[in-house]
Amino acid sequence: MSYRAMPKVELHLHLEGGAPPAFIRGLAKEKNIDISGIFDEQGGYLYRDFEHFLQVYEAACTTLTGPEEFRRLTLAVLEESAAHGVVYSETFVSPDFCGGGDVGAWREYLAAMVEAADEAERTMGITLKGIVTCIRHMGPEQAKTAAKCAAETKGDFIVGYGMAGAEMVGRPGDFAYSFDMAREAGLRITCHAGEWGGPDMVADTIRDLAPERIGHGINAIKDLALVDQIAEQGIVLEVCPGSNVFLNAVPSWEAHPIAKLRDRGVKVTVSTDDPPFFHTTMTDEFDMLARTFGWEEEVLSELNQTALDAAFCDDKTKEAVAKRLAAG
Ligand code: HPA
Ligand code: ZN
């Protein structure tokens with residue numbers, strides 16, 4: 001049994017991280033950019049560990065030189081997602097890769113992504129919303145620039161603000177100013193924490209940045225009082241098990257804490273993170289959850305419903321997506 005056809009909601013997907021390697025290779029060839037070192041012999045992305053992954057990721061991004069590249073990227077990513085039953089997706093986008101933080105340039109990149117999202121909605125039946133992310137290892141000042149871009153373009157497409165990048169750089173409180181700026185502009189908040197950092201990083205993120213959702217958050221499992229706090233506060237975890245296993249954040253699917261977190265009352269959702277980098281798809285995630293934890297359709301549907309409830313879009317969009325989920 002494969003869950004490929006099941007309609008799905010995905011909340012944690014890095015747009016550039018969804019780029020099929022053949023797409024990036026094609027762009028590199030068009031532009032005469034030599035990034036051959038980031039691919040393996042089979043043409044997949046090649047890297048040693050998380051830190052190297054971030055370097056390879058940024059090297060791949062050098063081929064995305066303008067709005068038109070982001071229009072094509074958005075279409076390529078949504079085509080993959082739609083092929084795996086995703087009907088609603090939220091994607092992380094970074095002004096740092098789209099005009100270097102200049103608001104005028106950012107608007108142009110954004111318009112190109114929205115054009116692609118509109119086309120994909122018409123032709124593939126998938127709805128996309130964007131979450132502006134600052135990149136942690138670029139530091140708090142750059143994060144303010146990202147937050148300014150986010151605040152200036154909050155609207156139908158840009159619905160949230162968050163932080164990705166190297167989790168062990170700095171502390172959450174260093175970034176509070178940019179998160180406050182985004183929140184005051186009316187953006188909803190999520191933040192990567194507890195993928196590499198321990199429960200203290202998750203706790204500090206909750207205290208200093210007050211996110212409604214946390215990207216990963218899996219290391220909270222090492223402090224059950226914190227798990228209970230997350231459950232009580234209704235903070236939703238964007239869990240990416242395939243990513244965690246591939247990057248060795250957890251040793252195996254069997255050892256993944258998603259079931260324990262859910263059993264203890266935490267709202268968990270499932271996403272792919274950077275699917276071609278981690279050799280996963282939403283179908284793979286659902287199939288592996290079914291196989292590893294014996295989760296049947298009822299539990300898997302609950303994951304989608306939890307994700308939809310925690311989505312940052314407007315109510316009208318939620319109602320439309322709810323109908324898609326109900327139709328099965
Ligand atoms: N984790 C953190 N930062 C990232 C990732 C990720 O998986 N992908 C792109 N930036
Ligand atoms: Zn991520």
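This is a predicted model: local features need pLDDT of at least 70, side-chain atom pairs count only at pLDDT 80 or more; totals for chains, interfaces and linings use all residues.

Me: What makes residues 7-325 a domain here?

Reply: The assignment comes from a record: an unreviewed UniProt entry annotates residues 7-325 as "domain: Adenosine deaminase". Computed from the model, that span is 48% helix and 15% strand, and its end C-alpha atoms lie 6 Å apart.

Me: Which residues are around ligand 1?

Reply: The residues around ligand 1 are H14, F50, F53, L54, Y57, A164, G165, H192, E195, D273 and D274.

Me: What makes the approach of D274 to ligand 1 a polar contact?

Reply: A polar side-chain atom of D274 lies 2.8 Å from an oxygen atom of ligand 1. The cut-off is 3.5 Å between N or O atoms, so the pair qualifies. D273 likewise places a polar side-chain atom 3.0 Å from an oxygen atom of the ligand. For G165 the atom is a backbone N or O, 2.9 Å from a nitrogen atom of ligand 1.

Me: Why is strand β5 called largely enclosed?

Reply: A residue counts as buried under 20% relative accessible area. Five of the six residues of β5 (residues 188-193) are buried, and therefore the strand is largely enclosed by the rest of the structure.

Me: How do you know that β5 pairs with β4 and with β6?

Reply: Pairing requires at least two bridges. Y161 stands opposite I189 in β5. Between β5 and β6 (residues 213-216) there are four bridges, again parallel; H216 in β6 is the bridge partner of A193.

Me: Which helices link these strands, and in what hand?

Reply: From β4 the chain passes through helix α6 (residues 176-184) to β5, a right-handed β-α-β crossover. Helix α7 (residues 199-209) then forms a right-handed β-α-β unit with β5 and β6.

Me: Why is T280 called buried?

Reply: T280 has 8% relative accessibility, and the threshold is under 20%, so T280 counts as buried. T280 lies in the loop between β8 (267-270) and α11 (282-293).

Me: What makes the pairing of T280 with E285 a polar contact?

Reply: Their side chains are joined at 2.6 Å, which is within the 3.5 Å limit. Setting aside residues up to four places away in sequence, T280 touches T272, P275 and E285.

Note on methods
Residues are numbered from 1 along each chain as its sequence is written. Chains are lettered from A and ligands numbered from 1 in the order in which they are written. Side-chain values use heavy atoms; hydrogens and water are left out. Helices (H or I, at least four residues) and strands (E, at least two) are DSSP runs, numbered from the N terminus. Buried means under 20% relative accessible area, exposed over 50%, partly exposed in between (1.4 Å probe, protein chains only). A polar contact is a pair of N or O atoms within 3.5 Å; within protein, one must be able to donate a hydrogen and the other to accept it, and residues adjacent in sequence count only if both atoms are side-chain atoms. Contact means heavy atoms within 4.5 Å. A crossover is right-handed if, with the strands pointing away from the viewer, the path from the first strand over the helix to the second runs clockwise. UniProt positions are given in the numbering used here, feature names are shortened, and annotations may be inferred rather than shown by experiment. A residue is near a molecule or strand if one of its heavy atoms lies within 4 Å of it.
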